[in-house]
Amino acid sequence: QMSAVFERFQYFRTPDVAMADLVLYPTEVRRLLELLADWYIELVDEWAKYNVDAIFMGDDWGSTKGPLISRGMWQDIFQPCYGRINDAAHKRGMYTFLHSCGHILELIEDMIDAGFDGINTYQMRLLGIPETAERYGGRVTFMASADIMSTMAIGTPEDVREETRQIVEAFRPFHGGLMGIGYGYGIPPENDAAGLQAFRDYGRY
């Protein structure tokens, strides 16, 4: 598991300056991301020596209303970088997963095109459970739970079970492509447990 290119870019420049850089200095940002991709590919080469099965990258790309940058900017500046890392991992027999919180529905198509095998979202309800399944079910694996900002945080265990059931039912027609996960951080333990148990109860196709 590792922070990916967007978070690393923000570590270097701070979040507000990084956002300004994307508009004011796109050529320089592309070069920095190319160097970051080179570094990640070196890590992939090293991990391959230890028979690593998969790489889990984390970059939060969404607010509660939509992506943090335009889809065109994502495609132009970030997608090539992810593509290089994913290609390197796949050539060494590794799967790649991307974690992203927020409303990223319109970016998932490009994440698939960049070569990710799985998308980890803890906010499937925010994305729209039926719409996400309709557009992307069977095309990429989702690692998902009930929504951590609403249902998991302030709902009851029964609420969590019901939302988890809805997620399972939405993806059932695709006979796979869904991994049920918990969250833990700041979530009532009984809700986390309810979600995991619901995946066990409902998630048999």
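Biologist: Which residues do ring pairs link into a cluster?

Modeller: The model is a predicted one. A search of the whole structure finds eleven aromatic pairs. Ring pairs join several aromatic residues into a cluster, whose members are Phe 6, Trp 61, Trp 74, Phe 78, Tyr 82 and Phe 116.

Biologist: What is the geometry of the pair formed by Tyr 122 and Tyr 183?

Modeller: A pair of aromatic rings is described by the distance of the centres and the angle of the planes. For Tyr 122 and Tyr 183 the centres are 4.6 Å apart and the planes lie at 70 degrees. Planes over 60 degrees apart count as edge-to-face, so the pair of Tyr 122 and Tyr 183 is edge-to-face.

Biologist: How many residues apart in sequence are the parts that this pair ties together?

Modeller: Tyr 122 lies in the loop between β4 (118-121) and α6 (124-127), and this residue is buried, with a relative accessible area of 13%. Tyr 183 lies in the loop between β6 (178-180) and α10 (189-202) and is partly exposed, at 27% relative accessibility. The pair therefore ties together parts whose separation in sequence is 61 residues.

Biologist: With which residues is Phe 78 in contact, leaving aside its neighbours within four places in sequence?

Modeller: Phe 78 is among the residues with the most contacts inside the largest core, and it also belongs to the ring cluster. Leaving aside neighbours within four places in sequence, its contacts are Val 5, Phe 6, Phe 9, Leu 22, Leu 33, Trp 61, Ile 69 and Met 73.

Biologist: Is Met 94 buried or exposed?

Modeller: Met 94 lies in the loop between α4 and β3 (95-99). Not counting residues up to four places away in sequence, Met 94 touches several residues, including Val 44, Trp 47, Ile 55 and Asp 117. Its relative accessible area is 2%, and buried means under 20%, so Met 94 is buried.

Biologist: In which sense do β4 and β5 pair, and β5 and β6?

Modeller: β4 and strand β5 (residues 141-144) are joined over four bridges in the parallel sense, with Thr 121 opposite Ala 144 in β5. Phe 142 has Leu 178 in β6 as its bridge partner. β5 and β6 pair over three bridges, and the sense is parallel.

Biologist: What is the relative accessibility of Asn 120?

Modeller: Asn 120 lies in strand β4. Leaving aside neighbours within four places in sequence, Asn 120 is in contact with Phe 56, Leu 98, His 99, Ser 100, Met 143 and Ile 181. Asn 120 counts as buried, and its relative accessibility is 0%.

Biologist: Which element gives the most to the lining of the largest pocket?

Modeller: The largest pocket holds about 230 Å³ of space. It is lined by 15 residues, of which Gln 1, Phe 56, His 99, Asn 120 and Tyr 122 lie nearest its centre. The elements that give two or more residues to the lining are β1 (2-3) and β2 (54-58). With three residues, the element that gives the most is β2.

Note on methods
Residues numbered from 1 in each chain as written. Predicted model: local features only at pLDDT ≥ 70, side-chain atom pairs only at ≥ 80, totals over all residues. Heavy atoms only, no water. Phe/Tyr/Trp six-rings, centres within 6.5 Å; stacked < 30°, edge-to-face > 60°. Buried < 20%, exposed > 50% of the residue type's maximum accessible area, 1.4 Å probe, protein only. Core = buried A, V, L, I, M, F, W, Y, C linked by side-chain atoms within 4.5 Å. Contact = heavy atoms within 4.5 Å. Pairing = 2+ DSSP bridges. 1 Å grid on protein atoms, 1.4 Å probe; cavity = no way out; pocket = protein on both sides within 12 Å on 5 of 7 lines; lining within 4 Å. Points joined across faces, edges and corners; volume = space filled by probe spheres on them.
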